[in-house]
Amino acid sequence: MSISLALFSPPTQPLPLFSSSPSKPHLTVKPHLSLRPSKFLTTTKASAENGAGTSPSAATALEIQPDQKVAETPRQVVQKGESSVGANGSAGAVEIEEDNVLSQFMDPKWVGGTWDLSQFQKDGKTDWDAVIDAEARRRKWLEGNPETSSNDAPIVFDTSIIPWWAWIKRFHLPEAELLNGRAAMIGFFMAYLVDSLTGVGLVDQMGNFFCKTLLFIAVVGVLLIRKNEDLENLKKLLDETTFYDKQWQATWQDEKPGSSKN
Amino acid sequence: MATASSTLAVFFPTKTKTTITRPHSHSHSHPLTIKASSNSTNPPLQGRKLRAAVIGGGPAGSSAAEALASGGIETFLFERNPPTTAKPCGGAIPLCMLEEFNIPSHLIDRHVTRMRIFSPSNLSVDFGKTLRPNEFIAMLRREALDSFLRSRAESLGAKLVSGLVTNLQLPESSTSPYVVHYTSDNFRHSLPVDVVVGADGANSRVARSIHAGTYACAIAFQERIKLPDHKMEYYNDLAEMYVGNDVSPDFYAWVFPKCDHVAVGTGTVCAKQNIKLFQKGIRERVKHKISGGKVIKVEAHPIPEHPRPIRVRGRVALVGDAAGYVTKCSGEGIYFAAKSGRMCGEAIVKASEGGDRMVNEDDLKREYLRVWDRKYVTTFRFLDLLQRVFYGSNAAREALVELCDDEYVQRMTFESYLYKKLADGDRLQDVKMVWNTIGSLIKCNMVGSK
């Protein structure tokens with residue numbers, strides 16, 4: 001509780017917090033805390049940004065904030081009053097006070113804890129792409145502004161209402177095209193190279209075991225290594241998978257005939 | 001496991017040298033049956049029973065002391081805290097522990113039959129639809145459980161010593177004793193013993209004395225909050241779990257009901273310096289449900305993340321938290337502590353043939369470590385996999401909560417948790433579950449990374 005009291009009293013609050021970029025991962029919570037006095041304004045901002053079609057982020061909220069600073073100060077004062085009462089009243093038992101400000105995701109299409117599909121109609125059919133985009137935007141907003149869970153307004157949206165073909169059309173097909181393209185380019189080039197070096201034609205190459213292995217490696221490589229970082233990630237993944245096992249086996253490692261101290 | 005079977009083969013030839021091996025029967029509850037095959041190469045003790053010291057009187061230590069004392073070994077159980085000290089702990093134990101350790105029902109404060117898990121976007125799933133009427137998660141106070149187990153060990157013959165063990169002196173030869181130096185009533189004492197069981201928790205002094213190595217620890221931080229009655233009603237038999245980067249980067253936050261208050265807490269391994277921030281995060285997430293409550297206690301405790309590099313050295317064995325037997329993903333440790341304590345005690349009884357012979361390191365490794373590893377390493381490995389897959393990012397956590405909506409998943413989870421046995425499921429449903437897992441992970445990663 002003392003931490004939140006310290007954060008609510010402006011004179012002691014380090015000013016850099018207001019200008020810190022929320023894109024740094026481990027600071028995402030801090031900007032949220034510094035924006036709390038203006039949460040009332042953030043809710044309207046979120047809906048305005050949704051209308052503009054850009055993803056709402058704390059950064060844009062910060063820009064609008066200086067204009068409305070005058071309006072927030074009475075709110076801040078109210079909170080200071082609350083927190084000082086708390087500080088005086090506590091003597092071992094700290095009361096949890098309900099703050100007046102709420103952080104909530106507001107959007108005209110977000111109704112009752114889920115997306116209202118009737119508002120996503122395009123040509124008489126539901127525009128699933130827009131639903132996926134809206135949900136992605138909501139989750140990104142929540143990353144920086146975690147919501148309070150509430151029994152009266154539970155969230156009921158989960159991704160299973162989006163049909164499988166919408167996912168495939170949107171994500172699988174473009175990626176599949178990319179990967180197939182890469183595989184085809186590699187395949188053509190390697191087939192030409194092997195032919196020019198050994199004189200073995202494409203059909204005869206397919207009958208050779210070594211060539212089939214090369215083909216397998218090429219396909220697996222194209223599937224697994226899609227970005228430059230994937231090489232490192234794969235190595236790390238391999239290490240991680242065996243790490244826990246190594247920790248369990250560690251106690252059996254120093255089994256040497258004369259080493260046991262009796 | 002190939003190494004396990006090959007070393008077992010080494011030991012079998014010695015067994016065939018004996019003429020008669022009396023057929024022995026296994027019983028999984030008290031009292032112990034002692035297997036009477038005298039094929040040990042250890043020297044018999046002249047005129048006295050084997051003497052064992054169990055350092056630490058929690059679930060692990062008390063179970064070890066109980067097994068040792070009922071096996072006929074002279075046991076000393078060391079505990080530094082008075083019986084009323086509350087150990088910071090979740091306090092949840094599975095059903096199988098109630099049966100295996102004969103825990104009386106008056107110790108149980110609450111029967112939790114519903115669990116709710118909240119994703120980072122507050123999508124909530126109710127666990128517990130598949131529980132049968134007699135199945136529940138027992139919540140109890142650690143001080144009540146610990147003192148019960150300790151007094152039971154005492155009643156079976158273990159000598160309880162209230163004191164702080166300061167040092168464990170290692171022996172010079174294979175027959176000289178370990179000397180336990182401890183302070184009791186402001187006086188220094190020392191006690192020579194043959195075998196030591198280290199059950200003194202995450203900051204084990206015994207482990208340090210035998211240079212067992214260190215392990216990575218998570219920190220669990222919780223506040224006990226007394227709620228007004230109408231808010232407490234909501235948590236009558238419900239426990240809540242929250243996942244998300246705001247409450248923990250690599251673990252979960254919880255609201256567990258206790259006897260007359262709730263424990264709201266969180267834990268983390270990699271970001272320990274931000275624990276207060278995460279605590280604020282969980283308080284934010286449950287704001288409405290705990291508003292008007294009073295914080296009556298704040299506590300924190302380290303939780304080991306993996307086993308220590310050395311768990312048995314010489315005639316010293318580590319059990320429970322000292323050995324690092326805490327599962328990942330759920331952070332469960334009480335049952336494994338008690339079970340490992342009992343297993344270690346039984347191993348010593350068996351290897352010493354009821355306290356008549358000395359034991360050595362190989363006996364401890366063979367009878368305790370190997371049996372333990374064979375029984376539980378798969379469980380621990382599986383939970384480690386779950387933690388790595390599902391606790392890594394917000395997208396993965398959303399996928400986890402989505403998956404939990406499935407009845408089959410819930411049934412499997414609860415059965416494995418309550419009975420510590422791999423629940424036998426339907427192959428077809430298993431395949432469907434794996435398919436859904438992959439699908440959910442892909443979908444949530446796509447939605448989360450845009």
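A salt bridge is counted where a side-chain nitrogen of Lys or Arg lies within 4 Å of a carboxyl oxygen of Asp or Glu. By this rule, 2 salt bridges are found across the interface of chain B and chain A in this predicted model. One of them joins B:Glu398 to A:Arg139, with 3.7 Å between the closest N and O atoms.

**The side of chain B that touches chain A**

Polar contacts also link the chains: 14 residue pairs across the interface of chain B and chain A are in polar contact, both residues having pLDDT 80 or more. On the side of chain B that touches chain A, the elements that give two or more residues include the strands β5 (114-118), β17 (294-304) and β18 (312-313). The helices among them include α7 (275-285), α8 (287-290), α10 (361-390), α11 (394-403) and α13 (427-449) of chain B. Helix α10(B) provides the largest share of this side, with 11 residues. Sorted by class, the side of chain B that touches chain A holds 24 nonpolar, 16 polar and 27 charged residues.

**Extent of the interface**

The contact draws 67 residues from chain B and 54 residues from chain A. Between chain B and chain A, an area of about 5,600 Å² is buried, and carbon and sulfur atoms give 57% of that area.

**Chain A as a whole**

Chain A contains 11 helices and 5 strands. The table gives three further values for this chain.

| Property of chain A | Value |
|---|---|
| Buried residues, as a share of the 262 residues | 31% |
| Contacts between residues 24 or more positions apart, as a share of contacts with a separation of 6 or more | 61% |

**A residue of helix α10 in chain B**

Helix α10 of chain B includes B:Asp363. Is B:Asp363 buried or exposed? This residue is buried, because its relative accessible area is 7% and the cut-off for buried is under 20%. The side chain of B:Asp363 makes a polar contact with the side chain of B:Arg366, at 3.2 Å. When neighbours within four places in sequence are left aside, B:Asp363 is in contact with B:Asn42, B:Ala351 and B:Tyr368.

Methods:
Residues are numbered from 1 along each chain as its sequence is written. Chains are lettered from A and ligands numbered from 1 in the order in which they are written. This is a predicted model: local features need pLDDT of at least 70, side-chain atom pairs count only at pLDDT 80 or more; totals for chains, interfaces and linings use all residues. Side-chain values use heavy atoms; hydrogens and water are left out. Helices (H or I, at least four residues) and strands (E, at least two) are DSSP runs, numbered from the N terminus. Buried means under 20% relative accessible area, exposed over 50%, partly exposed in between (1.4 Å probe, protein chains only). Contact means heavy atoms within 4.5 Å. Buried area is the accessible area (1.4 Å probe) that two parts lose on being put together, summed over both. A polar contact is a pair of N or O atoms within 3.5 Å; within protein, one must be able to donate a hydrogen and the other to accept it, and residues adjacent in sequence count only if both atoms are side-chain atoms. Ala, Val, Leu, Ile, Met, Phe, Trp, Tyr, Cys and Pro count as nonpolar, Asp, Glu, Lys and Arg as charged, and the others, Gly among them, as polar.
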